[in-house]
Amino acid sequence: ICTHLGCIVKPTAAGFECPCHGSRFAKDGTVTGGPAPTPLGWLQVSAAGGAVIVDEAATVPAGTKVAV
């Protein structure tokens, strides 16, 4: 979710881009251009039974790794 006005970002070769106002983010979520004021949030990810689960309601500190 873009930190500018909440649009859904799209993946790109370099990271992510907001289709609404052009904010760009590196693969780690840091802002590389555009009007976004802060980096993208990192979401909680877990692995269970061969599935990867992304909890869109839970954020974690940037750089957090999935525990296996």
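Trainee: What makes D55 count as partly exposed?
Mentor: Look at its relative accessibility, which is 33%. Buried means under 20% relative accessible area, exposed means over 50%, and partly exposed is in between (1.4 Å probe, protein chains only). A value of 33% falls in between, so D55 gets the label partly exposed. Before we go on, this is a predicted model in which local features need pLDDT of at least 70, side-chain atom pairs count only at pLDDT 80 or more, and totals for chains, interfaces and linings use all residues. Residues are numbered from 1 along each chain as its sequence is written, and side-chain values use heavy atoms, with hydrogens and water left out.

Trainee: How do you know where D55 is found?
Mentor: D55 is found in strand 6, which runs over 51–60. Strands are DSSP runs of E with at least two residues, helices are runs of H or I with at least four, and both are numbered from the N terminus.

Trainee: And how many helices and strands does the protein have?
Mentor: Zero helices and six strands. Read along the sequence, that gives β-β-β-β-β-β.

Trainee: Which residues is D55 in contact with, leaving aside its neighbours within four places in sequence?
Mentor: L43 and Q44. Contact means heavy atoms within 4.5 Å, so some heavy atoms of D55 meet that cut-off with each of those two residues. As for Q44, it is eleven residues from D55 in sequence, and their C-alpha atoms are 5.3 Å apart in space.

Trainee: Why is P37 called exposed?
Mentor: Its relative accessible area is 59%. You'll find P37 in the loop between strand 4 (31–33) and strand 5 (42–48).

Trainee: What does P37 contact, leaving aside its neighbours within four places in sequence?
Mentor: T3 and H4. P37 and H4 are 33 residues apart in sequence, yet 6.2 Å apart in space, C-alpha to C-alpha.

Trainee: What about V66, why is it partly exposed?
Mentor: V66 has a relative accessible area of 40%. That sits between 20% and 50%, so V66 is partly exposed. It lies in the segment after strand 6. Not counting residues up to four places away in sequence, V66 touches V45, S46 and A47.

Trainee: Which residues form the nonpolar patch on the surface?
Mentor: L43, V45, V52, V54 and V66, with about 390 Å² of accessible area together. Strand 5 and strand 6 each give two or more residues to the patch. Patch residues have over 30% relative accessible area and no salt bridge; nonpolar side chains (Val, Leu, Ile, Met, Phe, Trp, Tyr) are joined within 5 Å, and like charges within 9 Å. A salt bridge is a side-chain nitrogen of Lys or Arg within 4 Å of a carboxyl oxygen of Asp or Glu. V66 is a Val at 40%, so it passes the 30% cut-off. The area comes from the Shrake-Rupley method with a 1.4 Å probe, and for residues only the protein chains shown count as cover.

Trainee: One more, what makes G6 partly exposed?
Mentor: Its relative accessible area is 39%. That is in between again, so G6 counts as partly exposed. G6 lies in the segment before strand 1 (10–11), and its C-alpha is 30 Å from that of A48, 42 residues away in sequence.

Trainee: How much of the protein is buried?
Mentor: Buried residues make up 19% of its 68 residues.
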